[in-house]
Amino acid sequence: MTAMTREETQALIQEVLEVYPDKAKKDRAKHLAVNDPSLEQSKKCITSNRKSLPGVMTVRGCAYAGSKGVVWGPIKDMVHISHGPVGCGQYSRAGRRNYYVGHTGVNTFGTMNFTSDFQEKDIVFGGDKKLAKLIDEVNALFPLVKGMSVQSECPIGLIGDDIEAVSKKKGKELEKPIVPVRCEGFRGVSQSLGHHIANDAIRDWVIGNRDGDTSFATTPYDVAVIGDYNIGGDAWASRILLEEMGLRVVAQWSGDGTLSEMELTPKVKLNLIHCYRSMNYISRFMEEKYGIPWMEYNFFGPTKIAESLRKIAAFFDETIQANAEKVIAKYEAEYSAIIAKYRPRLEGKRVMLYVGGLRPRHVIGAYEDLGMEVVGTGYEFAHNDDYDRTMKEMGDSTLLYDDVTGYEFEEFVKKVKPDLIGSGIKEKYIFQKMGVPFRQMHSWDYSGPYHGYDGFAIFARDMDMTINNPCWKSMQAPWLKSAEGEVEKIAANA
Amino acid sequence: MPNVMIRRNDGGDLLFYVAKKDMEETIASVEQDTTDTWGGEVLLTDGSRWYIDPISPPPLFPTTLRFKRADD
């Protein structure tokens, strides 16, 4: 199928909206749009960061997921206490594959779950005493812990516990930073507010900790990698490129990151933001308070990597700029070979994406390097500034869907018939059963890393492995095949 | 009266950012933009108008300032 025209895409959206009652239709219509790269502002065509419609299936998370799961969780040498009932922490434990180096349970705590395990009596009488006891216990059992964060679950806000007071008192007693985070799940419309709350907690409780301390020897080439969560080792694959350029990566936020790295970040010369959605807040704050410039970069696919490396180098002197060219040249043979190998197998394939807050636009370049085309993209919890940035990356008349519902996404896929879908675990099995090749783009389908030149090799291999997998030809049971042996895609019949 | 963070973008233009609204617009014109005062009515590229009492001497960007809506 060739690319759809503007009218066809518009008609498709109308058709999909047809099943909704009038009120729901009116609401959902604002979240579905046909891309027009010539528009400067997304708010003219798409609405985002609004409350999900009751009754439809959304895949959004909560503020606690945004704070504990995304921003704070990967900080490896701190204990992140899931304060409240046991489930929130336990069912999300170690699910995000934020790789780290260290001895779990000794000096790192990334994959462990700490919870205050709220019972009825804690709801009735308050949980502050329990929290204080828990903090003491953690400190006694794990003396190498560098600090703690208290990640509130819903009941904490509802019963009005004063976690700030407990944290302050215990922090003084133990002489370790204890950070209360008011990320109760009911706040906001999605995990996005959790990111913001987590950023604000870092701003208030961590960033200024070493303001008067000049013992850290700085260099003119200090940078911080912000918003890389080291999924499957992403941050490591990014970091080596920056180090080869002659930059010194002082901090990784927050994949494989430590508390002291975060405290030292105000001393760097440049903040590099990968995930804009979850960490732009703290970057803007550091720009204002410490005068540290920040820039967004993109390490998916050789075209974007080269572009980003040059843009980063432009902040520094000629040596770094020359080094950037050297790095690009060094890896050229490697990535050209990958493109030569996989491009013929993937050329012209069409992809639909639906991911969180950054990848729907960042991976477009990587797919284009492989000759693939992204025909539809959407975010779970993006804001308008993300769509501003996305519309320029996407082709004309492609489909944009914000906080897409289960029904809409299925219908879009049936009509657009992409060759690959990149989304999360909740979508995976539905589309695989419909016979559409699928890759998880949150967790890289337990593969990775996908960042950097090393990651691109894995990315290309994984996409090829998924799309050209022989299993997609065997979707129909042999006894259902027609006499001519013509295999019809189940998706077409559904 | 939102808190607005003003910063320069790569092109040197002033950006008007309201965190709570995720609004990131470019400033088209400022009523008083001289060496000793900055402020007054601020026109954004999306057509909205905002007001701030002129500040003297002009603030150093990036900074956070409180603006009022000038439309209503």
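1. Helices are DSSP runs (H or I, at least four residues) and strands are runs of E, at least two, numbered from the N terminus.

2. **What you are looking at.** This is a predicted model, in which local features need pLDDT of at least 70, side-chain atom pairs count only at pLDDT 80 or more, and totals for chains, interfaces and linings use all residues. Residues are numbered from 1 along each chain as its sequence is written, while chains are lettered from A and ligands numbered from 1 in the order in which they are written.

3. **A kink.** Helix α14 of chain A covers residues 318-346 and has a kink of about 45°, centred on E332(A). The bend at a residue is the angle between axes fitted to the seven residues ending there and the seven starting there. Just after α14(A) comes G348(A), with a positive phi of about 80°.

4. **α10(A) against α20(A).** Their axes are 7 Å apart, and the packing angle is about 135°. Axes are lines fitted to C-alpha atoms, over the stretch in contact for helices, and angles run from 0 to 180 degrees between N-to-C directions. The two helices are therefore oblique to each other. Under 35 degrees counts as roughly parallel, over 145 as roughly antiparallel, 65 to 115 as roughly perpendicular, and the rest as oblique.

5. **Who meets whom.** From α10(A), D234(A), A237(A), S238(A) and L241(A) meet G452(A), Y453(A), D454(A) and G455(A) of α20(A). Contact means C-beta atoms, placed from the backbone, within 7 Å.

6. **Domains.** Chain A is divided into domain 1 (1-60 + 343-494), domain 2 (63-210) and domain 3 (222-327). These bounds come from an automatic or database domain assignment. Taken over C-alpha atoms, the centres of domain 1 and domain 3 of chain A are 29 Å apart. Their contact takes 21 residues from domain 1 of chain A and 20 residues from domain 3 of chain A. On the domain 1 side, α16 (364-369) and α20 of chain A each supply at least two residues. α20(A) gives the most, with five residues.

7. **Chain B.** Nine residues of chain B are in contact with nine residues of chain A. On the chain B side, β1 (3-8) and β6 (63-66) each supply at least two residues.

Notes:
Two residues are in contact if their C-beta atoms, placed from the backbone, lie within 7 Å.
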